[in-house]
Amino acid sequence: MPVPPKTSPWWDKDRHRDRQPFLRQRAAITRGVRDWFAGEGFVEVETGILQVSPGNETHLHALRADLPGDEGQMPRYLRTSPEFACKKLLAAGEDRIVEFAKVFRGREDGSLHLTEFTMLEWYRANAPYEAIMADCAAVIARAAETAGTTQFSFRGKTLDPFAPPRRLSVAEAFARFAGIDLLATISGAQGDRDALATQALDKTHVSDDDDWPDIFSKILTEYVEPQLGQGALTILHEYPAPEAALARTKAGDSHVAERFEIYGCGVELANGFGELTDAAEQRRRFAFAMDEKERRYGERYPLDDDFLAALAQMPEASGVALGFDRLVMLASGATRLDQVVWAPS
């Protein structure tokens, strides 16, 4: 069999020349976005990459880095998000903070995923999550303005980054695009697996070992996400409570939580919360997620007790994590993430 041609390294002059226009756009967008945050009174912070806990969500996979110590190796992890450290800074008294954070996630690679990527994460103390939604729209518009574009285009979908975002609840999206009454399958903070499976049987393959979150994810991926962010950004909000591990539930409705995601051209760009500040409830959620992680993947991550202690003193706040590489890709007209990363891993 013929040997397939070897892809040239990213530092090959010809390959770099092809990527250079996108990389120049990245540099300009970074400056423009930094200027926007400075104008809004945010302080740019830098938090540590090595953490005691990388995060405690079932399907997040971290990279481990054991450190030598006097009493043997000390397990540490490359962070999957700067969230724990940023919330400690809120507890310490910071009000508006932002970080361009290098983060790392295992088992995530492909056209829209990188093992190492840049997460733009920011928080506002004593602000509703609608304020963070408005921030996201403004940041995305600033990226487009800096890139000199009036249209994002990706895989046949287009949008106007300056148009007001369209808001759609998750329940509305499931009803509109999949014909599923999602809220009827939720009882308090728990999902009724059989109720959702019954509605989903004629729409997607449901395995015997699929639980409620698995089925939810399949419907979201196959039916809902491809329809979002066409013509204008879509803010998908009021996520069901079982899908919001770090968000507070909506006042007066325990079925849904103050979680939102922003989509552009079918691509998820940002994931934000009205932050949970109940340390006991957060510990309970983390423990449940780690039990589930161990059942599924045979591993669990430690809890960061220092984070949970800080959470009890943290003010009410809202925050968001935005995939900066994805934003640059859409704003610059690139078609792959590796085109907008200076030195791909």
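Are Lys-87 and Glu-275 buried or exposed? Both Lys-87 and Glu-275 are buried, and their side chains meet in a salt bridge with an N to O distance of 2.7 Å. The model is a predicted one, and in it the count comes to 31 salt bridges. The points below look at a few of them.

**The Lys-87 and Glu-275 pair**
- The side chains of Lys-87 and Glu-275 form a salt bridge, and this pair links distant parts of the chain that lie 188 residues apart.
- Lys-87 sits in helix 2 (residues 83-92), whereas Glu-275 belongs to the loop between strand 15 (267-274) and helix 7 (279-297).

**The Arg-124 and Glu-40 pair**
- Arg-124 and Glu-40 meet through their side chains in a salt bridge, at 3.4 Å from N to O.
- Because Arg-124 lies in strand 6 (residues 116-125) and Glu-40 in the loop between helix 1 (13-39) and strand 1 (43-44), the pair ties together parts that are 84 residues apart in sequence.
- Arg-124 counts as buried, at 10% relative accessibility, while Glu-40 is partly exposed, with a relative accessible area of 31%.

**The Asp-305 and Arg-283 pair**
- A salt bridge joins the side chains of Asp-305 and Arg-283, with 3.0 Å from N to O, and it links Asp-305 in helix 8 (residues 305-311) to Arg-283 in helix 7, 22 residues apart.
- Asp-305 is partly exposed, with a relative accessible area of 46%, and Arg-283 is also partly exposed, at 37%.

**A network**
- Salt bridges also link Asp-211, Asp-214, Glu-292, Arg-295 and Arg-296 in a network.

Methods. Residues numbered from 1 in each chain as written. Predicted model: local features only at pLDDT ≥ 70, side-chain atom pairs only at ≥ 80, totals over all residues. Heavy atoms only, no water. Salt bridge = Lys/Arg side-chain N within 4 Å of Asp/Glu carboxyl O. Helix = DSSP H or I, 4+ residues; strand = E, 2+ residues; numbered from the N terminus. Buried < 20%, exposed > 50% of the residue type's maximum accessible area, 1.4 Å probe, protein only.
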